[in-house]
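Me: I would like to go through this structure term by term, asking each time what a label rests on. Please set each value against its definition before drawing a conclusion.

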Amino acid sequence: MPGITNLCHPETVRVAASHQAEAEEIAAELAAIARSGMVLPGSITQRRTRCGRANCACHADPPRLHGPYWQWTRKIAAKTICRWLSADQHRDYTPWIDNDRRLHELLARLEALGTAAFDADPRWKRQPAARTGQARQPPEPENKPPDNVGSARLTCGQPPSRRPSAQVSPKREDLSS
């Protein structure tokens, strides 16, 4: 894509000046995150634990738990992956996790700006004109739903003339007829 300089194509889609300014601020912050070079998904939590020795202070009242220990956690293919970190690793990787969170926030803001520009497109309000100069009417649906649903029998999307499949059977017989 070396030939494309502006991916938004402003000649076809008009974006409000305030939205464009906010998008440029977001782009600058995204570039700063990219320059830092590292993003780490997941979270780091501080843990304090009890050991298995019954006479240890961690089992006293009040307990003095072991730690603090630092644990990095993330999901990979719907499985939780955890790693224990040293204090140095905690200090080094915390900014990377902060970058990941900020990246997600910025992308959500960009998506909101894109959705707002999409919704504000004046072409949504325009009706396409037919050759006669009148606005085109939408086509009639093939299976028009009944006007009075309360008395109509539900047919699971099949026309009432067709018999429902053998797998579909009523829970009880209709005794009203």
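Me: What does the accessible surface of the protein chain come to, and how much of it belongs to carbon and sulfur atoms?

Reply: The accessible surface comes to about 15,300 Å², and 55% of that belongs to carbon and sulfur atoms. Such areas come from the Shrake-Rupley method with a 1.4 Å probe, and for residues only the protein chains shown count as cover. This is a predicted model, in which local features need pLDDT of at least 70 and side-chain atom pairs count only at pLDDT 80 or more, while totals for chains, interfaces and linings use all residues. Residues are numbered from 1 along each chain as its sequence is written, and side-chain values use heavy atoms, with hydrogens and water left out.

Me: Which elements make up the secondary structure, and what makes a run count as one?

Reply: The protein chain has two helices and three strands, in the order α-β-β-β-α along the sequence. Each is a DSSP run numbered from the N terminus, a helix being H or I over at least four residues and a strand being E over at least two.

Me: What makes β2 and β3 a pair?

Reply: Two strands pair if DSSP finds at least two bridges between them. I76 stands opposite K79 in β3, and in the hairpin, which has two residues between the strands, A77 takes a positive phi near 50 degrees.

Me: Why is N99 called buried?

Reply: The relative accessible area of N99 is 17%, and buried means under 20%, with exposed over 50% and partly exposed in between (1.4 Å probe, protein chains only); N99 is therefore buried. N99 lies in helix α2 (residues 87–119) and touches I33, S36, M38 and V39, not counting residues up to four places away in sequence, where a contact means heavy atoms within 4.5 Å. Across the protein chain of 177 residues, buried residues make up 10%.

Me: How do you know that E22 and R109 form a salt bridge, and what does the pair tie together?

Reply: A salt bridge requires a side-chain nitrogen of Lys or Arg within 4 Å of a carboxyl oxygen of Asp or Glu. The side chains of E22 and R109 meet at 3.2 Å, N to O, so the pair qualifies. E22 lies in helix α1 (residues 17–36) and R109 in helix α2, so the pair ties together parts that are 87 residues apart in sequence. By this rule the count comes to five salt bridges.

Me: What is the N to O distance between E29 and R102, and why does their pair tie together separate parts of the sequence?

Reply: The side chains of E29 and R102 meet in a salt bridge at 2.5 Å, N to O. E29 lies in helix α1 and R102 in helix α2, so the pair ties together parts that are 73 residues apart in sequence. E29, R102 and E105 are linked in a network of salt bridges. With relative accessibilities of 29% for E29 and 25% for R102, both residues count as partly exposed.

Me: Why is R91 called exposed, whereas D92 is called partly exposed?

Reply: R91 counts as exposed because its relative accessibility is 52%, whereas D92, at 41%, counts as partly exposed. The side chains of R91 and D92 meet in a salt bridge at 3.7 Å, N to O.
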